[in-house]
Amino acid sequence: MAALSDRLDHLLGAKAAEPLAADFDIHTVEDLLRHYPNRYATQGAELGEKKPPEGEHITMVATVVKADVVSFKSRSGKMLRTVLSSDTQRVEATFFNPHKVAHAIKPGVRAMFSGTAKYFREQLQLTHPSYLILPTGDGEPTIGGRVRGSGELAGMARSTQDEDSGIDMEIFDRELIPIYPSTRDVETWTIARCVRQVLDQLDVVPDPLPEATRGDLDLIGLDEALRLVHQPETKNDVERARERLRFDEAAALQLVLAQRRHAVDERVAPSCPPRAGGLAAAFDAELPFTLTDGQVAVAEEISADLTRPHPMNRLLQGEVGSGKTIVALRAMLQVIDAGHQCALLAPTEVLAAQHARSMRRMLGDLATAGELGAADHATRVTLLTGSMSTAAKRAALNEALVGDAGIVIGTHALIQDNVEFFDLGMVVVDEQHRFGVKQRDALRGRARDGSSPHVLVMTATPIPRTIAMTVLGDLETSTLRELPRGRSPIVSNVVSASDKPAWVDRAWARICEEVAEGRQAYVVCSRIGDGDDDGDGEFADLDLDEFFAKGKAPEPAPRPSASKAKKKQGDAPQTAAAVAVYEQLQAGPLASVGVGLLHGRLPSDEKDAVMGAFNAGDIDVLVCTTVVEVGVDVPNATVMVILDADRFGVSQLHQLRGRVGRGAHQGLCILITGSRPESPAYRRLSAVASTNDGFELAQLDLAQRREGDVLGVAQSGARSTLRLLSLLDHEDVIETARAFAHRVVAEDPELTRHPGLASMVTAGLDAKGVEYLDMS
């Protein structure tokens, strides 16, 4: 008999096991049984999607309604052109070498077809798909078409259990036929055959959940669930199996998170209670405005966390412009009053420099420690970035090392091994999704005496992973929803350049009108365009973990090759390049105003000079890349035009438009796209334009991209562990699992008395994922 831990090559043979390992990273019995069907075909079953994306490998059960042998138009030879009907859907399928398939693919035949989705004039097509003729009781089953990596499937099946094909046709002679995620090399029927073979040899699977828990939650056993999910007789079987397996996924995650929370409570961090008459109190006394009620409430939550002798692990999320930075600054001053240092990690040099300027400005003489006439309790704000001169960098490193700097602000340069702190007590990470957890964890290790610094991460628009972790209960969360008094909501409009080119002209005219009124504007482009490399050179669009791993950033969407910007006034340049747009606007529609250029590959001093000129009002319109996405604060800027808006992610768009409307005048954001109004991309932009609620947009982002990287799949290299659990649809399951995990871990933190649950955690979360969670 077989067990879940057994290797597939021992059970199935190398010939069957190797394609599964290569295409799906499936190596053991458990790996295979956790590769669940994504749907079940019935008589006349539709495709999984009405219109699957082009290039996606799809499988459908359909009936052949038409099959004609026709000649090629442009060359000699013939092909079999068919029409397949699957409930309300029709698909055109073309087979080459018709003499090999025409006897099997004929009207009335019901079969499973698998191939790559393509479209011609909006019609879904399959070219030479693989197929499996399904049994009808009066004919012999047939397998054919393109079969790669599965030599035992080639040829014709001549009986119910054909030795050549290896297909047990009883698998498909049932009401519900499992359809698995598949590839060109490993078709769904190959996976079904392997699953059947494994289940026939599988011993009863031990159940990790206590019987009392299963009874309380009305869940079936694990052994029954694994068998029913692959071989159901009814739809109720499917739902009962999924319900149990879904809870296991939620419980595995919640057990790890509960263990993490317990471990955090065991760590030691510096206790930093508020100090009467200290730096924080002096700062509060000098504030020229009143904090919002939300800022006061959040500040109290953070202050209470900092007082505890255990590390704070809090997410501060708030709308763009809601005042997160001042809340974070007040928290840092409380830590400095307790005799410790703080580090603020920013994703770009522009933002790091902006933070340094704004904090020095807000603190005034409270940030002049060591200078003549410095205020009592004064501290020092030090900036450290990678492009600083050697002398300036050496001075900054020394201030951090000897403790002269109470606040050290920097980019990824802060993570380098040569950066040491005198006594690091708190780490603030601005726009946390722009940094990988390994980089954040590197700063945690800089505290002395084995203690852990308090950690505050901030974001204006929670990205899917952040929402996921929040729903899962991993982070303590503080939320700012109020805008500062006097701030007006931003108005956003979507313009289709292909549909209404005159509206693009109007966008440039509107900028000129705003400049005439004494205000300023941004024009944001998706790339730089001054060389073959379209990146921003400053990691502005990349998570650092992904950059170091040479992975692919999830946002913005992949960019096609660059094309030259069109010179005709009114056209939106395709794949808008900042350099080309800057030249175009200077010579064309914005010739009457002052235009500047800013992107990540400019030298550091030049970037500072450009931003300084824009801040001072010497530049009217700033053509830029996403280097201004976060933290840039120019209250006089009221208009932002985003070219190729469909190339940016939902959270990026919300962040970008948050750069305008930060003063007394209302902000306007114009999203220009080449997409037509009926396209999904245009509809997504319209959804962004319809609301200024960043939390609503984060839900939209999660709904579009789903939650497959809850364990940082893209960043850690681990596979997604969520197969049946949806953080959007199953919050009730997550809450139930969280309560269960809390009870278990409170009594048995290491799960030594619950070996079944410990094994479930190991099975549900691979080692990389657990390690990743432990650092985040």
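Predicted model: local features only at pLDDT ≥ 70, side-chain atom pairs only at ≥ 80, totals over all residues.
Because Asp499 sits in the loop between β18 (491-496) and α16 (501-516), while Arg676 sits in the loop between β23 (668-673) and α21 (680-689), the pair ties together parts that are 177 residues apart in sequence.

## Other salt bridges

Across the whole structure, a search finds 24 salt bridges. Among them, Arg240 pairs with Asp237, the closest N and O atoms lying 3.7 Å apart; these two residues are three positions apart in helix α8 (residues 235-266), so about one helical turn separates them. Arg240 is partly exposed, with a relative accessible area of 29%, whereas Asp237 is buried, at 12%.

Asp68 forms a salt bridge with Lys66, with 3.9 Å between the closest N and O atoms. Asp68 is partly exposed at 34% relative accessible area, and Lys66 counts as partly exposed at 45%.

## The parallel sheet and its helices

Seven strands, in the order β13-β14-β12-β15-β16-β11-β17, form an open sheet whose pairing is parallel. The edge strands, β13 (381-384) and β17 (476-480), each pair on one side only, and the twist from one strand to the next averages 20 degrees. Within this arrangement, β12 (residues 341-345) pairs with β14 (residues 407-410) in the parallel sense over four bridges, and Ala343 has Val408 of β14 as its bridge partner.

Helix α12 (residues 349-363) packs on the sheet, where it touches β12, β13, β14 and β15, and its direction makes about 170 degrees with that of β13. Helix α10 (residues 293-307) lies across β11 (313-318), β15 (424-430), β16 (454-459) and β17, and runs at about 160 degrees to β17.

## A buried loop residue

Leu134 belongs to the loop between β8 (130-133) and β9 (143-144), and at 2% relative accessibility this residue counts as buried. Leaving aside residues up to four places away in sequence, Leu134 touches Val61, Arg110, Ala111, Met112, Phe172 and Ile177. Its C-alpha atom is separated by 8.1 Å from that of Val109, which is 25 residues away along the chain.

## The chain overall

The secondary structure of the chain comprises 26 helices and 23 strands, and 56% of its 776 residues are buried. Of the contacts with a separation of 6 or more, 73% involve residues 24 or more positions apart.

Definitions and conventions
Residues numbered from 1 in each chain as written. Heavy atoms only, no water. Buried < 20%, exposed > 50% of the residue type's maximum accessible area, 1.4 Å probe, protein only. Contact = heavy atoms within 4.5 Å. Pairing = 2+ DSSP bridges. Axes fitted to C-alpha atoms, helices over the stretch in contact; angles between N-to-C directions. Salt bridge = Lys/Arg side-chain N within 4 Å of Asp/Glu carboxyl O.
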